[in-house]
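Dear colleague,

Please find the structure below for your records. My notes on what was found in it follow.

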Amino acid sequence: MVGEDIGERLAGHWGTDRLHIEPFPGTAGKVRFDPALVLDVLRVMRDELQFAHLAMVAGIDWEKHREVLYALWSDERKQYILLSADIPAEAAHIESASSIYPSANWHEREAWELVGITFDHHPDLRHLLTPDGYKFHPLLRSFKLHEPETLEVKRRDV
Amino acid sequence: MSTPVTGAAKVPSAEPAPTEGDLPMVDQPAVSFVEIETLRAREFIPAAKEALSSMALEKGQAEVIRPVFNWAGRNSLFPLHWGLACCAIEFAAAFGARWDAERFGVVPRSSPRQCDLMIVNGTVTWKVAHKLITLYEQMPDPKWVIAMGNCATGGGPFRTAYSVVPGVDKLVPVDVYIAGCPPRPEALLDGILRLEQLIRDRRE
Ligand code: SF4
């Protein structure tokens, strides 16, 4: 079930060529938008459409491009909505959402280290699950499992 | 007990040299060390006094002190109280009422400064490797490491994963490996008893 007012409101802001909404089972719909709009779209979602909770930021590797997926939850509507932006694999950059939804912080760190999507203006883009100095993005399809012995752990001065 | 004879200088040469019968237990220590192994703590101190003074006559200092330290050390192994993954569940069970590892003097302590045994009970990731090394280095010597389960032994089912250390012996020296995924508490107790054998045979 696509939320009617959501589609209208978004179209009123940006038209339909840079953003469109399609049905997605179990949610209010899936909004595909131009990655340059990310902060504006999220702000409208939070302030005008009552999606106050950012439940998830995920990165997906489609080889040719990568997809950033946001799942928002609204207590008023009792509904999720998905937002998705496609970014080119060779320049996998997108603006960080943590200035609007602080909960994006750790999700973006995870997406950065596992799928190699850089979030610009992130307050603290450090490794979350892999050790500091880890050079790989292990959930990319191009990642080959290396022999574990080739990895080195450097003894930190204690 | 007669005065222990500690060296030739203490025996005045004017006096006649003591005959063998005067010296306390030159041939036989009052209590043999095999017996001391089975004593309770209460009985240990008088027996040890007796035995040490007589043994010190015969053998060097190290020969006497070493077994005592080994006896004490292996009957009060204090492992670090932590858990890395699913093996920690079995680790916890081993200290519960049913298996009660504390009857061997194995008491988990929460500070590495109070520990002499590190039981690596789970998957070691590269993320936690630094912390594991830090904890190990904070433990006072002498210290031992038990690799519990397939993960700690060789990476287990995650051996080729991008985030897992293929065996904790890449990071710290390991004394006893326990196979199993997870090993049962009996296996952990067996590993601890084997470590006690290693400590009993320890010679510097
Ligand atoms: S050996 Fe098995 S039970 Fe133990 S930590 Fe590894 S996966 Fe879990």
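Over all chains, the count of disulfides (pairs of cysteine sulfur atoms within 2.5 Å) comes to zero. This is a predicted model, in which local features need pLDDT of at least 70 and side-chain atom pairs count only at pLDDT 80 or more, while totals for chains, interfaces and linings use all residues. Residues are numbered from 1 along each chain as its sequence is written, chains are lettered from A and ligands numbered from 1 in the order in which they are written, and side-chain values use heavy atoms, without hydrogens and water.

The ligand has around it, with a heavy atom within 4 Å, residues including Cys87(B), Gly122(B), Cys151(B) and Phe158(B). This shell divides into seven nonpolar, four polar and no charged residues.

Gly122(B) is found in the loop between strand 1 (117–121) and helix 5 (126–138) of chain B; helices (H or I, at least four residues) and strands (E, at least two) are DSSP runs, numbered from the N terminus. Beyond its neighbours within four places in sequence, Gly122(B) is in contact (heavy atoms within 4.5 Å) with residues including Leu84(B), Cys87(B), Met148(B) and Cys151(B).

Elsewhere in chain B, the buried residues of helix 2 include Phe44(B), Ala47(B) and Met55(B).

Yours sincerely

Key: Buried means under 20% relative accessible area, exposed over 50%, partly exposed in between (1.4 Å probe, protein chains only). Ala, Val, Leu, Ile, Met, Phe, Trp, Tyr, Cys and Pro count as nonpolar, Asp, Glu, Lys and Arg as charged, and the others, Gly among them, as polar.
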